[in-house]
Amino acid sequence: MSIPDIAIINATILPMGGAEKIENGSLTISGDSITAVGPAASVSTAGAKKLIDANDRVVMPGFVNCHTHIASNMLLRGLLEDVQLFEWLQTMWQLKRNFDEETLYWASLMGLVEMAKSGITTFNEHFDAYRVEPQIAALCKMPLRATLGYGLADRGLYAPITDWSWKALHRFGDKVSLHHRTRNDRVHVALSPHAPYSCGPEMFKLVRQVADAHKVVIHTHLSEGMQEIIYVKETYGTTPVQWVQSLGFLGPDVTAAHATQLNDDDIRILAETGTRIAHCPCCNAKLNSGTLRLRSVREAGIPVGLATDGPASHNALDMFQEMKFAGMIHKDKTGDVEFMKTSELLELATTGAAAAMNRPETGRLAVGRKADVIIVDLDKPHCMPVYDVAAALVYSARADDVVTTICDGQILMEDRVLPGIDETEIRHRFRERALALRCRSLN
Ligand SMILES: [Zn+2]
């Protein structure tokens, strides 16, 4: 048995992935992977280079945020409220068209800091109409696990990025060789056609070809709200799901964000093609986009995970809020108080979300999985008296209750402190640039 790099002891462990809770558990990490997890008596922590006493706190997998837009949306948070999706996108575009690299760098870093502090260790970034490279630079400072989807579009509001999108698609091999499966396999690249109202049929078809050729995944918005449904019906005579299916686009490598407007045929097609769903209940309710038919989707066997969407529409990179709201809205919509249970909501935010974004190496604590681990302190007034750990995590805990965040075996936060990160400077630089961007974009 090798000596662990990190050993966590005295923990209440929620391994997820269907495994039972472990009281007085220990977990060991060597390099980037989990080497043991179980009751204290069964795990050797002898000689560990770093010993973390969890003091009975909860140890669980880092959250997986399977649909978000951090760089752009950090700059758009709180910019416009109380409108529907298409009007909202219109105003967002006024700022997006003025993005510059340095602003995107500080925005990305701020978003990574927010996620690390809220216990998110893996995220699925959809870059709608802006540069990916500043975020890759920010990931050097704050190394989370990420799939970075290059944003693509050729019409409507996003017409200005048409030329860039085709070029990126035709030369996607360059992006793959530069960035795919780099940083010890933490960083993957993906293709992110924006949506059925912003990409035409030729673009969806070429995305499928490029994805197959380079074996990269696809991450798109699909069936998000009535405005999209009406547009696709009037333009192509069908539903968004059935339209992209007719182009040969869907498959198990596709993560479809939202899917709030599915009919029975759409659900059958998503299940048959193995397509995955990123479920963003907070954003969907706020933009009045509808509610995913979660029960039908799960019964059909479609992999589904929770996600925050961007901080412009949620408005927080906080999976605790997402779990709580998912629990509440589905009880309300189905009229069934047993749907969903707290253990199921926790699965949706970890193992489920990892499956939904095709990153099965994370999202659960098991030997051989990546060491993406968080420690959550429930010894707080708003969680007391903690009769049930899952109930406390889903309905009472807050992002700030995460005390330690480990990703890929590296400690990114310990006792709420981010080693090597000057958070004050990041906040200052980010805010300064965000205000300047707004000033030069809106009259
Ligand atoms: Zn989105």
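Author: Of the 443 residues of the chain, 53% count as buried, where buried requires 20 or more other C-beta atoms, placed from the backbone, within 10 Å of the residue's own. This is a predicted model, in which local features need pLDDT of at least 70 and side-chain atom pairs count only at pLDDT 80 or more, while totals for chains, interfaces and linings use all residues. Residues are numbered from 1 along each chain as its sequence is written.

Reader: And why does the radius of gyration agree with a compact globule?
Author: A compact globule with 443 residues would have a radius near 22 Å and the chain has 21 Å, so the two agree; the radius is taken over C-alpha atoms, and the rule is 2.2 Å times the number of residues to the power 0.38.

Reader: What about secondary structure, how many helices and strands?
Author: There are 17 helices and 16 strands in the chain, counted as DSSP runs (H or I, at least four residues, for helices; E, at least two, for strands) and numbered from the N terminus.

Reader: Which order do the strands of the open sheet follow?
Author: Its 8 strands run β6-β7-β8-β9-β10-β11-β12-β13 with parallel pairing, a pair needing at least two DSSP bridges. Because β6 (63–68) and β13 (304–306) each have a single partner strand, they stand at the edges, with one side left without a neighbour in the sheet.

Reader: How many bridges join β12 to β13?
Author: Strand β12 (residues 276–279) is joined to β13 by 3 bridges, the two running parallel, and His-279 stands opposite Leu-306 in β13.

Technical notes. A residue is buried if 20 or more other C-beta atoms lie within 10 Å of its own, exposed if 12 or fewer, and partly exposed in between; C-beta atoms are placed from the backbone.
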